[in-house]
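Student: I am new to this structure and would like to learn how its contacts get their names. Could you show it to me?

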Amino acid sequence: MNNNKIQNPVSQVPKTPQMNDRDFVNDMLLTEKYMTDGYSTALNEMSHEGLYQDIKTLFNETQDCQHQLFYLMFKKGWYSMAPAQSQHIQQDVQKFSNYAEQQFPPQ
């Protein structure tokens, strides 16, 4: 395992032309992400309060499902992450702090 990555041991799947477990979970994850994006756009443009609440419930359920599918893929070693270096974190904090100060000057 690469020391620069945060990753679980990879669960092996057959490499055949047919879809395997990883392919199915990845397809579901992409679908949930797509649906979350659609619900988010709808919520931004919704004017009917009752419909807004119904769509918001669906959005939250879809977002939770997306997160669970991501975690399943991470747990099975099909997703990995690179740890952030403290120097990069500090640079980003400074960059966005400066941006916020420019956008919202003290009054």
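Student: Which side chains meet in a salt bridge?

Tutor: Those of Asp 92 and Lys 95, at 4.0 Å from N to O. A word on the source: this is a predicted model, where local features need pLDDT of at least 70 and side-chain atom pairs count only at pLDDT 80 or more, while totals for chains, interfaces and linings use all residues. Residues are numbered from 1 along each chain as its sequence is written, and side-chain values use heavy atoms, without hydrogens and water.

Student: Why is the contact of Asp 92 and Lys 95 called a salt bridge?

Tutor: The term asks for a side-chain nitrogen of Lys or Arg within 4 Å of a carboxyl oxygen of Asp or Glu. Asp 92 and Lys 95 are at 4.0 Å, so the pair counts as a salt bridge. The structure holds one salt bridge.

Student: What makes Phe 70 and Phe 74 a stacked pair?

Tutor: The search of the whole structure finds two aromatic pairs. In this one, the centres are 6.4 Å apart and the planes 15° apart. Rings of Phe, Tyr and Trp (its six-membered ring) pair if their centres lie within 6.5 Å; planes under 30 degrees apart count as stacked, over 60 as edge-to-face and the rest as tilted. Therefore Phe 70 and Phe 74 are stacked.

Student: Why is Phe 74 called buried?

Tutor: Its relative accessible area is 14%, and buried means under 20% (exposed is over 50%, partly exposed in between, with a 1.4 Å probe and protein chains only). So Phe 74 is buried, whereas Phe 70, at 23%, is partly exposed.
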